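Student: I would like to learn how to read strand pairing and the placement of side chains in a model. Could you take me through an example?

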Amino acid sequence: MMSDKFETDVLVVGSGPAGALMANLLARRGVNVLLAEKTSDFERNFRGETIAARSVLTLRELGFGPRLAAHGFVELEGISFWETGKSIMSMDYRKFPIDALPIDIPQPAMIGAFNDESAGYANFKLLMGYQFTSLIEDGEAVRGAMLESPRGTKIEVRARLVIAADGRFSPVRKASGLTAKITPMERDFVWFKLPRPNDWARESQLVVKRDRHLVILPTFPDLLRIGYNLPKKGFGNARKLGIGAFRDSICDLDPRLTDLVQEHITTWNDTSFLEIFTAEVDQWARHGLLLIGDASHTATPILGQGVNLALQDTIYFAPVIAQALKNGTGPLPANALEPTAQLRREHKGMVTRFQRLQEANLAQHSALGTMMRRTKLRLLNLNPGKYWMLDKVLNAPHNMPVEAPHDKAA
């Protein structure tokens, strides 16, 4: 049984995709890691389950391919943009210059693959059911954190580095004093799942009617995951109008879904609300502290980049952290992490700019605005350079510092 005090090299708070993979990559490098997760299991509803081709390739190179394949996933073969029942722009992912396709796989399966592989390292510990309560600080340096179980059991964890991988509302970030610039988008999303028809294309689809749209994603094993946009703060009004009006609005946007929506969306419990905003933190590190994933750069759902940005953070930071720990003692200095943070901020900034342009494009509601959107998409569809442009967003960066799988630590 764990005592009320614990010492480790690195404490990772949050066992989502970023936290679980970070703990794994550090354990491979011989770093002592404690991974703390506030829930007692991972059986909950995640929305971000699409993994971009670049991340799929990276996970293969890290040796996770067989584990993911053993569970199963859905490969996505393209993306298309629909209006008035017609596809006006489409891309075939198989034409991208990368030997992988995006996949849809439940996040619990991916997280489980990371943690199961980490369990083979003697220098890795997973602590489930303990949430972060406060940082342990000494002047400007972070020296660890306090954790607490639902029963009130408290643990003091002393660490040379605390990594906040605890999501878009990060309690660690709030406790750290590192401020986030929150930018609300004009609209929010309601998500739901429907059975996937056998003849449904294995592609991401955007279905648009003026300023309303659906995001339709094939989801493992045989479902469609669908996001429907609402005006900002519009969920309360939608609930007042009733579930019937909500169903009618979905069917008006995409009549192909009518029978499925009428049968499977019967109460609001069949849906899930997601507030859409971006959060950008100018400073990701303090002495002894690092923010990664949504804790440092929350993205919008457009093109499903949140999980991929988080996974890329771990790939870039893990070798830097391991080397910096070897180079000194005491809390890891912030300046050892800043060059990598700057690289990641630049890439995330590029993705965010693209997402905001697409959000503005989707929000067009006038006849002129929608006509211009339709014209631009049709011209883009005729442009062979569309693959090069989207490849920069979906599959960059192309120089991630990936290594071969390590042997288990003794």
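Tutor: Bear in mind that this is a predicted model. Strand β14 (residues 203-209) and β15 run antiparallel and are joined by 5 bridges, with valine 207 standing opposite leucine 214 in β15.

Student: What lies between β14 and β15?

Tutor: The two strands β14 and β15 form a hairpin with 2 residues between them, and arginine 210 in the turn has a positive phi of about 50 degrees.

Student: How many bridges join β15 to strand β16?

Tutor: In general, strands of a sheet pair through backbone hydrogen bonds, either parallel or antiparallel. Here 6 bridges join β15 to β16 (residues 223-231), and the two run antiparallel; leucine 217 stands opposite arginine 225 in β16, and this hairpin has 3 residues between its strands.

Student: Which way do the side chains of β15 point?

Tutor: In a regular strand the side chains alternate between the two faces of the sheet. In β15, Arg212, Leu214, Ile216 and Pro218 point one way, whereas His213, Val215, Leu217 and Thr219 point the other way, and all are buried. Because 8 of the 8 residues of β15 (residues 212-219) are buried, the strand is largely enclosed by the rest of the structure.

Student: In what order do β3, β4 and β7 lie in their sheet?

Tutor: These 3 strands form an open sheet in the order β3-β7-β4, with antiparallel pairing. The edge strands, β3 (50-51) and β4 (74-75), each pair on one side only. Between β4 and β7 (residues 103-104) there are 2 bridges, and glutamate 75 stands opposite isoleucine 103 in β7.

Note on methods. Residues numbered from 1 in each chain as written. Predicted model: local features only at pLDDT ≥ 70, side-chain atom pairs only at ≥ 80, totals over all residues. Heavy atoms only, no water. Pairing = 2+ DSSP bridges. Helix = DSSP H or I, 4+ residues; strand = E, 2+ residues; numbered from the N terminus. Buried < 20%, exposed > 50% of the residue type's maximum accessible area, 1.4 Å probe, protein only.
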